[in-house]
Every structure is written in C-alpha cells, then in structure tokens.
Amino acid sequence: MTDFKPDGEGQGKLIVVSNREPYLHKRSGSDVSVEIPAGGLTSAMNDVLRKTGGTWVAWGSGEADRESVDSNDCVAVPPDMSAYTLKRVWLSDDEVENYYHGYANQVLWPLCHITLDRVNYRQNFWLDYTKANEAFARAVLEEAGEGSTVWVHDYHLCLVPRILRERMPGLTIAHFWHIPWPDWGVFKVCPQARDIIEGLLGNDLIGFQIPLFAKNFMDCVKGCLDAEIDYQSATISYAGHTTRLKAFPISIDAGKFSSLASSSRTAWMMEAIRLRHRLDKVKVGIGVDRLEYTKALIKRLQAINLFFERYPEFREKFTFIQIAVATRMREPYISYKKAVEELVSAVNERYSTDGWLPVVYLDEKVEQRDLVAYYRMADMAIISSVYDGMNLVAKEYAASQVDGSGVLILSELAGAAEGLEGALLVNPYDSEGFSDLIHKALMMPDKEKKERMSSLREQVRDNDISLWMSRILHELAEIESMKRPADDRLCESDGKSPGYNRWEGYVPLS
Ligand code: ADQ
C-alpha cells in the first residue's frame, strides 16, 4: 500500500461530511469515554480516513463532545492513533429538532421512501435545514483548500454541495445518496424540490445505490429545472457545471462477518442463544432492523401470523426472532414501536404453547460479534422493506452463513434485491404470498438451499465494501484528473505520475 503524506495545507485533502460522527465523547461519571456508533458506513469511511488522513466533518452530538475539541472544534481520531481530524459542527436544540428530526426525518426520509402520508412539512423545518447545511458547509470551508476532495453523505446535507461550489469552485465534490430516489411524480410533493435538486447539482458526482435511482433523479431534474440532461452518459449540465451520476451498490466487510461467524466464540454463542430461548427443537427465522416503518416490521409479523394460521403443522416447529433497535425516538416512531410490540404480543398470545413462543422479540442493540451468531444459526432471514436504498442486513446474513444452508427472504422493493441472485424475493404487500414464501423456505430441499446460499455468498464476497469504496475513489480520481490542465494529464499517461488516481493505493480493489 502506498505511503500517504497528508497535506496539511488542504490541497488534495479528503474531507468527509456526514450528519453522524464516527466517534462520540460520552460522560461516564466523572470520566469521558469514546463511543463508536455501530454501522457499516462509519466503519468503512473510518478505515479510509485512517489511511489517507484528512478531516471528517459531522454534528457533535455526544454529551462530552464540546469539552473534547480544540479551539477549531477539532479532535484527532481514532483516540489511540490520531490518524485524521474530526471537526464537529454544533447545532442548537431547535436546529436538531427542525433540521434533523424535522426536515430530514419527516420530509425527505418518508418522501424518498414513498410513504407520503408520513410526510409532515413545517416551514421552520426548512429554515433550520438551510441553517444547518450552511453550518456544515462553513466547517468544510475552514478545512478545505481549492484542490481538496469533499465527500458528502446522504439526505441531511443536500444544500452543502451548491454552497461549496459557489464559494470554492476548485473543489471536487461527491455525494453518496444512501436511500432511494423516487420518481418525479413523488418528489414534486417536496415544497423545496427545486432547491434540493439545485443543491445536489453542485456535486461533480452523485452516487446512488442502483441505476433506477439515478434515472429517477434525472427525471426529477427534467421535471423542475431547465438543465441539459444526457441519459446515455448519465450527466447533467446546469448553471455552468456538470454532474455525473452513477450507481455504486453499497456493501459490507464480507470477510469480517465470515470470519466472526466461523469463530469458536460464535459456536458457543449459538448454543447459548438456543438454550436461552428454548430453540433446540425448532427451525429459526431472524429479522434485524432499526425500528423503522420503512423496514415494514408490521407487514412481516402479519405474514408470520398468517403463516401459523395457514400452516398449523409448523406451530411448535418454527420460531421467529426479531431484533429491533430504536433509533429515532420521536413520533411516528414511538407509536410504531408500540404497534410492533402489540402485534408481537397478539401473535404470541394466539399461538404460544407451553415451552414454545412463535416470536422472540429482542428490543436491543446487539454487538456485531453476537449478531453473527443469530445470523449463522437462523434457517432463514426475512427482510420486508416497503422501500430501501440497499439493506445491509441481507448481505450480513449471507456473509455469516458459513454453513451455507440458510434461506434469504428479501423484499423485491429493497435495492439489495438487484444484486443478490439466490434470494427468495417477496412483495411485502402480498400477505398470503409472503406467508407462502416462509413455508417454501422451510420446505426447501437442502441441495437447493446450499446452491442458493453459495451463490449469495459469492456475490457478497466479490462485491464487498472495499470494492464500493474503490469504485467511488476511482471515479473521483478520474474527475480530479479531468480538472487539471491538459499538460499535467499528459505527463500522467506514462503511469508514473503519483498524481493519477492518488486514492488507488488506499483501498485495495478486491
Ligand atoms: P439503514 O436503513 O440504517 O441505512 P441498513 O442497510 O438497514 O441501514 O443496515 C442497518 C445496519 O444496522 C446493519 O448493519 C445492521 O446490522 C445494523 N442493525 C440493525 N438493527 C440492529 C440491532 N438491533 N443491533 C445491532 N445492529 C443493528 C441506510 C439505508 C439503507 C442502506 C444503508 C447503507 O436506509 O438502505 O443499506 O444506509 O447505505
């Protein structure tokens, strides 16, 4: 791997921007401890920045965050090796309510997931969304130089690219959109559709999970702006700037899940779980989700209820374990949590017998090293999203299936359905069809199960998170190189110039 020489002047520096931070400082008694939030994305971006150096700009949401930064709001991370800088953005309580819980979570999130009856728009949401985006952009500009590369994440920060483009035109700016992008018939519901799209067109590159979302985005641009759109090359020229669109399906660290799942600790843990929940005589299904209405936990539980009604011979022979972690404890999530819990109780009341529960509900965040034990021991995993950018649980399940005999039931409305041949695809709106598919998974011959799972594991292994990262960095390097004067580019064609694809050494192309 190439040695990296971080450039303290900001020239050529990588700056990542996201709402969530990779390290939180927490108070524990009189001490301050550091917490690493769970999530594939933070750990993948963290790995890159550890190698390249640079800066991560994010909202300082930990209770001891303020006392842990210097006068520029920066702290060196990871705490044990100081490889890059975390720069924190401070948001007032009103901004957190209106920008984050308001505009991001009650307007853009439901809109992009086409759950229009959940869209709740207030003018204050938008005012604070613009203020917060301005604060993030200011923080980036304090750190950047003209040749820096900025990588923005997700729907919280749509206005940042345009602000940066106007104030520092030489930046290379990319955005990864983690959630779906709906078609124009849906997106025009957004009162600020035009501002959001104009904001995003400040980017040089917008990455989507699947090609359909890039196409939907182009249709939205066509619907609200007078821009030049080339559907063939997926480029948009607007206000003197060109933006490329491309699909980069996100993935997981497949090797890590596979090796965790193969460990003796996992074997021990599987035994412990079977004992604790009395699962020794039953087939097991698993669901792992944030408590999130788009993941359609209620539809899934209704299908399980119907499955036990229509296939009574499976009572006392199948238990479904739902692990659910609450992440946004505001309405409508509080009511959703209650509805999920009531449904679990109703199914259990209806069917449970002495010593057997149809549904085991675990309302907690489970550490990854324990999660793999649930994944490995489960005869099936169920993902029922009504819409999903990708869905990493599908890939985590396949990577952890080291015995290779589990079945993946996957919503055809999740981005993951496009790249996972071998899954049983389900329409979560079709309850009978859903319950039949659970039956099919339980009745599937071993040979078919193994073939399907082997194919799934191969696809996840061959398209893991390092490939995702490499593809994006490669695209960025190409964009950067096009921006440099032709003379510079010529001398790079000998393949010796260190400037060409300067990211390539940091993330191996698997
Ligand atoms: P999410 O919707 O949050 O993010 P998803 O792909 O569903 O992401 O993955 C959830 C992650 O949280 C997984 O890594 C899973 O293991 C973990 N998790 C869930 N419940 C957990 C629990 N109870 N305990 C511990 N860990 C738990 C968005 C988009 C997705 C897209 C991702 C990445 O909505 O479509 O796949 O970003 O781009």
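Student: Which residues line the largest cavity?
Tutor: This is a predicted model, so keep that in mind throughout. The lining is made of His-101, Asn-105, Gln-106, Arg-328, Arg-330, Glu-331, Pro-332 and Tyr-333.

Student: What volume does the largest cavity have?
Tutor: About 50 Å³.

Student: And how many cavities of 30 Å³ or more are there?
Tutor: Three.

Student: Back to the largest cavity. Which helix gives the most to its lining?
Tutor: Helix α2, residues 93-112. Three lining residues come from α2.

Student: How do the lining residues divide into nonpolar, polar and charged?
Tutor: Two are nonpolar, three are polar and three are charged.

Student: Pro-332 is in that list. Is its peptide bond with Glu-331 cis or trans?
Tutor: The bond joining Glu-331 and Pro-332 is cis, with omega at about 5 degrees. Pro-332 lies in the loop between β14 (318-325) and α11.

Student: What about the bond from Val-77 to Pro-78?
Tutor: That peptide bond is cis, with omega near -15 degrees. Look for Pro-78 in the loop between β5 (74-77) and β6 (84-89).

Student: Switching to aromatics. How many aromatic pairs are there?
Tutor: The count comes to 25. Take Phe-307 and Phe-314: their ring centres are 5.5 Å apart and their planes stand at 45 degrees, so the pair is tilted.

Student: Are Phe-307 and Phe-314 buried or exposed?
Tutor: Both are buried. Another pair is Phe-308 with Tyr-351, where the centres are 5.5 Å apart and the planes are at 45 degrees, so this pair is tilted.

Student: Where in the chain do Phe-308 and Tyr-351 sit?
Tutor: Phe-308 is in helix α10 (residues 297-310), and Tyr-351 is in helix α11 (residues 333-351). They are 43 residues apart, so the pair links distant parts of the chain. Both Phe-308 and Tyr-351 are buried.

Student: Which residues do ring pairs link into a cluster?
Tutor: The cluster holds Phe-307, Phe-308, Tyr-311, Phe-314, Phe-318, Tyr-351 and Trp-356.

Student: And which ring does the charged end of Arg-118 sit over?
Tutor: The ring of Tyr-293. The charged end of Arg-118 is 4.1 Å from the ring centre.

Student: How about Ala-239? What is its phi?
Tutor: Near 50 degrees, a positive value in a residue other than glycine. Ala-239 is in the loop between β11 (235-238) and β12 (241-247). With a relative accessible area of 59%, Ala-239 is exposed.

Student: Now Val-152. Where is it?
Tutor: Val-152 is in strand β7, residues 149-153.

Student: Why does Val-152 count as buried?
Tutor: Because its relative accessible area is 0%, and buried means under 20%.

Student: What does Val-152 touch?
Tutor: Leaving out residues up to four places away in sequence, Val-152 touches Val-17, Leu-157, Val-160, Ile-173, Ala-174, His-175 and Phe-176.

Student: How about Arg-452? Which helix holds it?
Tutor: Helix α15. At 23% relative accessibility, Arg-452 counts as partly exposed.

Student: And which residues does Arg-452 touch?
Tutor: Gly-422, Ala-423, Leu-424, Lys-440 and Met-444, not counting residues up to four places away in sequence. Arg-452 and Ala-423 are 29 residues apart in sequence, and their C-alpha atoms are 7.0 Å apart in space.

Student: Last one: helix α13. How many of its residues are buried?
Tutor: Eight of nine, so α13 (residues 392-400) is mostly covered. The buried residues are Val-393, Ala-394, Lys-395, Glu-396, Tyr-397, Ala-398, Ala-399 and Ser-400.

Student: What covers those buried residues of α13?
Tutor: The cover includes α8 (254-262), β13 (283-290), α12 (368-377), β16 (380-383), β17 (407-411) and α15 (446-462).

Technical notes. Residues numbered from 1 in each chain as written. Predicted model: local features only at pLDDT ≥ 70, side-chain atom pairs only at ≥ 80, totals over all residues. Heavy atoms only, no water. Phe/Tyr/Trp six-rings, centres within 6.5 Å; stacked < 30°, edge-to-face > 60°. Buried < 20%, exposed > 50% of the residue type's maximum accessible area, 1.4 Å probe, protein only. Helix = DSSP H or I, 4+ residues; strand = E, 2+ residues; numbered from the N terminus. Lys NZ or Arg CZ within 6 Å of the ring centre and 35° of its normal. 1 Å grid on protein atoms, 1.4 Å probe; cavity = no way out; pocket = protein on both sides within 12 Å on 5 of 7 lines; lining within 4 Å. Points joined across faces, edges and corners; volume = space filled by probe spheres on them. Nonpolar A, V, L, I, M, F, W, Y, C, P; charged D, E, K, R; others polar. Contact = heavy atoms within 4.5 Å.
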